[in-house]
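Subject: Structure handover

Hello,

I am passing this structure on to you. Please look through it first; my notes on what was found follow below.

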Amino acid sequence: MLEATIPTPLGTARIIGDHKGITEISVTDDAIANHVVPAALEPACRQLREYFEGSRETFDIPLHPEGTPFQRKVWAALLEIPFGQRISYLELAKRLGDPKSVRAVAGANAKNPVWILIPCHRVIGTDGSLTGYAGGLYRKKWLLNHESPSRQTVLFS
């Protein structure tokens, strides 16, 4: 597997994959470790930069995350949530055909290995609260604001 790191407004994105697709994107507060971007990862790096610049709302990069069949089913459903939209964990469970699976759906959402491209940040609590985000709730809030048609203009409210 190949690896690249790029700076983002939310930290350093670590991208792992190969010519077949991306298997993992994570974010960290660590400094950039690798300044050379392998050619196979350049499209993912470019599209992430465009997303953060505000010129990209969708991605067309092959994804190959590793997970259980149920996790992959949840991640596929996450890919159907449009840019700028939010749904609840309960709504996601209903879309998958079993409202009682809400905890399992939330667990699979939390195991999403492909940050931003599989948009788990678009899933919120039924009451509208920003619950459960592996990258930290401040990042989830930033991403939702970034995708909002009426962006917040101050950092704290």
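To begin inside the protein, Ile116 is buried, at a relative accessible area of 1%; buried means under 20% relative accessible area, exposed over 50%, and partly exposed in between, with a 1.4 Å probe and protein chains only. Ile116 belongs to the loop between H4 and S5. Its phi is near 70°, which is a positive value in a residue other than glycine.

Some notes on the source. This is a predicted model, in which local features need pLDDT of at least 70 and side-chain atom pairs count only at pLDDT 80 or more, while totals for chains, interfaces and linings use all residues. Residues are numbered from 1 along each chain as its sequence is written, and side-chain values use heavy atoms, with hydrogens and water left out.

Cysteines

The loop between helix H4 (102-110) and strand S5 (123-124) also holds Cys120. Helices (H or I, at least four residues) and strands (E, at least two) are DSSP runs, numbered from the N terminus. In an unreviewed entry, UniProt lists Cys120 under "active site". UniProt positions are given in the numbering used here, feature names are shortened, and annotations may be inferred rather than shown by experiment.

Cys120 is buried, with a relative accessible area of 10%. Beyond its neighbours within four places in sequence, Cys120 is in contact (heavy atoms within 4.5 Å) with Leu78, Asn109, Asn112 and Tyr133.

How many disulfides are there, taking a disulfide as a pair of cysteine sulfur atoms within 2.5 Å? The count comes to 0 disulfides. Cys45 is in no disulfide, and the nearest cysteine sulfur, that of Cys120, is 19 Å away.

The largest pocket

The largest pocket has a volume of about 320 Å³. Of the 19 residues that line it, the closest to its centre are Ala110, Cys120, Tyr133, Ala134 and Gly135. On a 1 Å grid over the protein atoms alone, a pocket is an open set of points where a 1.4 Å probe fits, with protein on both sides within 12 Å along at least five of seven lines; lining residues have an atom within 4 Å of a point. Grid points are joined across faces, edges and corners, and a volume is the space filled by probe spheres set on the points.

Strand S3 (21-28) and H4 each supply at least two residues of this lining. The largest share, 4 residues, comes from S3.

Ala93 is in helix H3 (residues 89-95) and counts as buried, at 0% relative accessibility. Leaving aside neighbours within four places in sequence, Ala93 is in contact with Asp98, Pro99, Ser101, Val102 and Val105. Ala93 and Ala77 are 16 residues apart in sequence and 9.5 Å apart in space, C-alpha to C-alpha.

Lys140 sits in helix H5 (residues 137-147) and is buried, with a relative accessible area of 0%. Not counting residues up to four places away in sequence, Lys140 touches Tyr89, His121, Val123, Ile124, Leu130, Thr131, Gly132 and Tyr133.

Regards

Notes. Disulfide = S-S within 2.5 Å.
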